Amino acid sequence: MQALVKTEAGPGLRLETVPDPQIGINDVLIRVHKTGICGTDLHIESWDPWAAKTIKPPLIVGHEFVGHIVEVGSNVSDFHPGDLVSGEGHVTCGRCRHCMAGQRHLCPNTLGLGVGRDGAFAEYVALPMTNIWHHWPGVDEEVAAIFDPFGNAVHTALAFEVHGEDVLISGAGPIGLMAIAVVRHAGARFVVVSEPHAFRRALAARMGATRVVDPTGQDLKDVQLQLGMVEGFDVALEMSGTAAALRGAIANMAHGGRIAVLGIPTGEISLDVNTIVFNQLTLRGIYGRQMYETWYQMAVLVSAGIDIKPVITHRFPYSEFEAAFAAARSGDSGKVIMNWSE
Ligand code: NAD
Ligand code: ZN
């Protein structure tokens, strides 16, 4: 099969012909139709310090995908050839305390698809049956291809009650953009989105932001005044991974405010702990999705009509992966899809 491979330590990816994956008795083999490019794939492609310490080449990259099942192992009875599926990209151990308690998102032994094991930027991908999500009828295939990051958005956006609350979202990358639609649907009052890139601010407005803010030129305190807010944001979703945005959120919360932190910083960040203490803020780290409550919530949200498709701005055949990665790297894009069908 054709696959995008990190062949050796260093920048770049190569499109190569590699053997089809072999499946075990508990596994499912999937013919990949469409994949989404994630920031993680960009880190692996460019071989930054995180990739250099994490990735062991050779490795097929990619974890956001949709496809149909072509073969199942002899133990698999719940899934069948032809089923339209995506994969939960966190492969958990099944043996630790948290896995045994049905809290698989807390598994300390998680292996990432396309990070710690061969991934989905290929014509075929194999996964344990415990990592398969069978899509509900009628789902759009492009939307299905990005259920993984949509799950990050849903898990973060619903980490705290937002009904009637004023919500700050920092970072309007694909995940922040999807989170806007989720908190709107969940009944937030004001949804203020802070994002330096103009292209992404425009997308944020389209996704339903009450107000979009350029953090390089506008102050969140002024925005609060303009909106008639008096006590600060009730909930913040940190989706940029930057120190400035996390500090900005802490400085603009109401007393008792709750901050869900999804963005992954490149290094340590010093914070104003006094404000966290005296304003009684809660900071909660979010990693991945809940298996499979978040997937269920996503399917419900899509069938209830929430539209995340405007987040997808570019489509390429897999053979043009270099152009696809360049589009994903530029700020002038939302989610970039690669097509693996003929
Ligand atoms: P992205 O990099 O496309 O989006 C981040 C956005 O933040 C960009 O649009 C950027 O312009 C913006 N930004 C930069 N500085 C800012 C500032 N000071 N204030 C506000 N916004 C600012 O990433 P994405 O794919 O949307 O993912 C969002 C974040 O979540 C990333 O940090 C990513 O690494 C992380 N992530 C975490 C998990 C997890 O499980 N915790 C999973 C996937 C992604
Ligand atoms: Zn485990």
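Reader: Is Gln-280 buried or exposed?
Author: Exposed: Gln-280 has 55% relative accessibility, and the cut-off for exposed is over 50%. Keep in mind that this is a predicted model.
Reader: Where is Gln-280 found?
Author: In the loop between helix H10 (273-278) and S16.
Reader: Now Trp-47. What's its phi?
Author: Trp-47 has a positive phi too, about 60°, and is not a glycine. Trp-47 lies in the loop that runs between helix H1 (39-46) and H2.
Reader: Buried or exposed, that Trp-47?
Author: Trp-47 counts as buried because its relative accessibility is 16%, and buried means under 20%.
Reader: Switching to peptide bonds. Which residues does the cis bond with omega of about 0° join?
Author: Pro-57 and Pro-58. Pro-58 sits in the loop between helix H2 (49-54) and strand S4 (59-60).
Reader: And what's omega for the bond from Met-291 to Tyr-292?
Author: Near -5°, and that peptide bond is cis. In general, most peptide bonds are trans.
Reader: Where do I look for Tyr-292?
Author: Go to the loop between strand S16 (282-285) and helix H11 (293-303); Tyr-292 is in there.

How values were computed:
Residues are numbered from 1 along each chain as its sequence is written. Chains are lettered from A and ligands numbered from 1 in the order in which they are written. This is a predicted model: local features need pLDDT of at least 70, side-chain atom pairs count only at pLDDT 80 or more; totals for chains, interfaces and linings use all residues. Side-chain values use heavy atoms; hydrogens and water are left out. Helices (H or I, at least four residues) and strands (E, at least two) are DSSP runs, numbered from the N terminus. Buried means under 20% relative accessible area, exposed over 50%, partly exposed in between (1.4 Å probe, protein chains only).
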